[in-house]
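Visitor: I am new to this structure. Please show me how to read its main features.

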Amino acid sequence: MDSRKVAPSLLAADFGNLQRDIEMVNQSQADWFHLDIMDGVFVPNISFGMPVVKAIAQHAKKPLDVHLMIVDPDRYIKTFAELGADVLTVHYEACTHLHRSLQAIKAEGMKAGVAINPHTSVTLLEDTIQDIDLVCMMSVNPGFGGQSFIENTYKKVSELKNIIEKRKAVTLIEIDGGVNAGNVRKLADAGADVFVAGSFVFKSEDPIETIKTLKQKIV
Ligand code: DX5
Ligand code: ZN
């Protein structure tokens with residue numbers, strides 16, 4: 001298995017100093033950039049779109065992990081490939097033909113991710129797990145940074161890990177929402193591989209040190 005990863009979410013960055021915050025991530029021990037794209041329809045918030053992703057891609061020196069919180073994401077798969085996304089994640093709840101969406105993402109040369117909301121059972125992924133490179137398990141209701149971690153997530157991670165092993169799939173489990181130094185180790189022990197952290201990193205006094213702390217806890 002790949003080593004466990006930390007993916008700072010730029011949603012919590014200072015957009016007036018975006019290049020500075022990107023450079024901070026470049027210089028840190030972080031593994032990926034996590035980009036949250038919200039359309040104001042699938043989730044009750046709008047984040048940022050293509051011009052901002054393009055600017056991020058120009059400065060980022062690490063893989064771009066793009067999380068689409070949008071309806072009908074198939075419309076934009078090609079666009080995000082062209083913008084430089086390495087992992088493209090669509091929501092289970094937003095895809096009528098999930099298998100087709102996953103194939104379309106891979107056909108564009110990206111890793112295919114599926115995000116599930118807190119109310120969505122991991123058992124619903126049993127029949128597609130072998131086609132999924134990454135499951136983004138939402139540990140808050142998507143739409144906003146800075147929310148509290150939902151404790152039921154630990155149980156879901158263990159259940160999903162069992163499904164992955166039973167089906168002999170090669171799928172990373174990513175945790176998104178409310179991740180901090182207090183829950184990251186327990187999540188890793190339950191089977192999680194990738195840890196998205198927005199507020200905990202960017203609102204801290206020394207984000208580089210905070211990322212280092214998270215990395216140390218998951219080795
Ligand atoms: C929430 C987003 C998250 C968010 C995490 O809808 O998908 O990636 O940025 O932020 P924190 O770490 O502050 O919960
Ligand atoms: Zn996210």
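Guide: What follows goes from the whole chain to the ligand and then to single residues.

Guide: This is a predicted model, in which local features need pLDDT of at least 70, side-chain atom pairs count only at pLDDT 80 or more, and totals for chains, interfaces and linings use all residues. Residues are numbered from 1 along each chain as its sequence is written, while chains are lettered from A and ligands numbered from 1 in the order in which they are written.

Visitor: How many helices and strands are there in the protein chain?

Guide: Helices (H or I, at least four residues) and strands (E, at least two) are DSSP runs, numbered from the N terminus. The protein chain has 8 helices and 8 strands.

Visitor: What does the radius of gyration say about the protein chain?

Guide: The radius of gyration is taken over C-alpha atoms, and the globule rule is 2.2 Å times the number of residues to the power 0.38. For 219 residues a compact globule would have a value near 17 Å, and the 16 Å of the protein chain agrees with that. Along its principal axes, the C-alpha trace spans about 45 × 35 × 30 Å.

Visitor: Which residues surround ligand 1?

Guide: A residue is near a molecule if its C-beta atom, placed from the backbone, lies within 6 Å of it. Ligand 1 is surrounded by 22 residues, of which the closest are Ser9, Pro142, Gly145, Gly198 and Ser199. Strand S2 (33–38), strand S8 (194–197) and helix H7 (199–202) are the elements that each give two or more residues to this shell.

Visitor: Which residues does UniProt list for "binding site"?

Guide: UniProt positions are given in the numbering used here, feature names are shortened, and annotations may be inferred rather than shown by experiment. The unreviewed UniProt entry lists His34, Asp36, His67 and Asp176. They are spread over 143 residues of sequence but cluster in space, with a largest C-alpha distance of 10.4 Å.

Visitor: Is Asp36 buried or exposed?

Guide: A residue is buried if 20 or more other C-beta atoms lie within 10 Å of its own, exposed if 12 or fewer, and partly exposed in between, with C-beta atoms placed from the backbone. Asp36, in strand S2, is buried because 24 other C-beta atoms lie within 10 Å. His67, in strand S3 (residues 64–69), is buried too, with 28 such atoms.

Visitor: With what is His67 in contact?

Guide: Two residues are in contact if their C-beta atoms lie within 7 Å. Leaving aside neighbours within four places in sequence, the contacts of His67 include His34, Asp36 and Asp176.
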